[in-house]
Amino acid sequence: MALTYILIAFGGYVASSESGMGCGPEWPLCNGEVIPILENETLIEFAHRVIGLLLTILVVILYVQIKRKNSSNILQKAGNWLIVLLILQVLAGAVVVVLDLPTIVVTVHLLVAMLFACLIMDLSN
């Protein structure tokens, strides 16, 4: 939950600092590189992507754990929704970058993040 919050808050910082195109119109690369020169807007946007990658890895680990264990039906469904929302979030983030920050896609990106956070918060209780 904490990493989800950090990612959403940092996404707000990316938007407010106008750093959303700090990696250029490329995704998943950043300015044509896996690890770019980290300065100014590029550092901010790339940090957001790294936090997102860390969260993705943790969610995939959580999903595998839910599937491996004899979890309840509700937990199984929640795990499935986590993966669906994660995929939607990653795709929306890619579209935001490739299409140069269209407002509607930025909004969808944030809404999916909020749904994801709600599901994570519910799972942590």
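Which helices each supply at least two residues of the lining of the largest pocket? They are α1 (2–16), α2 (40–68), α3 (73–98) and α4 (103–124). Helices here are DSSP runs of H or I with at least four residues, numbered from the N terminus. This is a predicted model, in which local features need pLDDT of at least 70 and side-chain atom pairs count only at pLDDT 80 or more, while totals for chains, interfaces and linings use all residues. Residues are numbered from 1 along each chain as its sequence is written, and side-chain values use heavy atoms, with hydrogens and water left out.

The axes of α1 and α2 come within 10 Å and cross at roughly 160 degrees; axes are lines fitted to C-alpha atoms over the stretch in contact, and angles run from 0 to 180 degrees between N-to-C directions. That makes α1 roughly antiparallel to α2, a label used for angles over 145 degrees. On the α1 side, the contact (heavy atoms within 4.5 Å) is made by L3, T4, I6, L7, F10, G11, Y13 and V14. From α2 come I44, E45, A47, H48, I51, G52, L54, L55 and L58. By class, that contact has 12 nonpolar, 4 polar and 1 charged residues. For the classes, Ala, Val, Leu, Ile, Met, Phe, Trp, Tyr, Cys and Pro count as nonpolar, Asp, Glu, Lys and Arg as charged, and the others, Gly among them, as polar.

For background, most residues other than glycine have a negative phi, and most peptide bonds are trans.

Next comes the α2 and α3 pair, packed at an angle of about 160 degrees with axes 10 Å apart. These two are therefore roughly antiparallel to each other. Their contact includes E45, R49, Y63 and K67 of α2, and Q76, N80, L86 and V97 of α3. By class, the contact of α2 with α3 has 11 nonpolar, 4 polar and 3 charged residues.

On to α3 and α4, whose axes come within 9 Å and cross at roughly 155 degrees. They, too, are therefore roughly antiparallel to each other. Among the residues that meet are W81, L85, Q89 and G93 in α3, and H109, F116 and L123 in α4. The residues of this contact divide into 19 nonpolar, 3 polar and no charged.

Now back to the pocket. On a 1 Å grid over the protein atoms alone, a pocket is an open set of points with protein on both sides within 12 Å along at least five of seven lines, and lining residues have an atom within 4 Å of a point. Of the 39 residues that line the largest pocket, the closest to its centre are E45, H48, R49, G93 and H109. α2 gives the most to the lining, with 9 residues. By class, the lining has 24 nonpolar, 11 polar and 4 charged residues.

Note on methods: 1 Å grid on protein atoms, 1.4 Å probe; cavity = no way out; pocket = protein on both sides within 12 Å on 5 of 7 lines; lining within 4 Å. Parallel < 35°, antiparallel > 145°, perpendicular 65-115°, else oblique.
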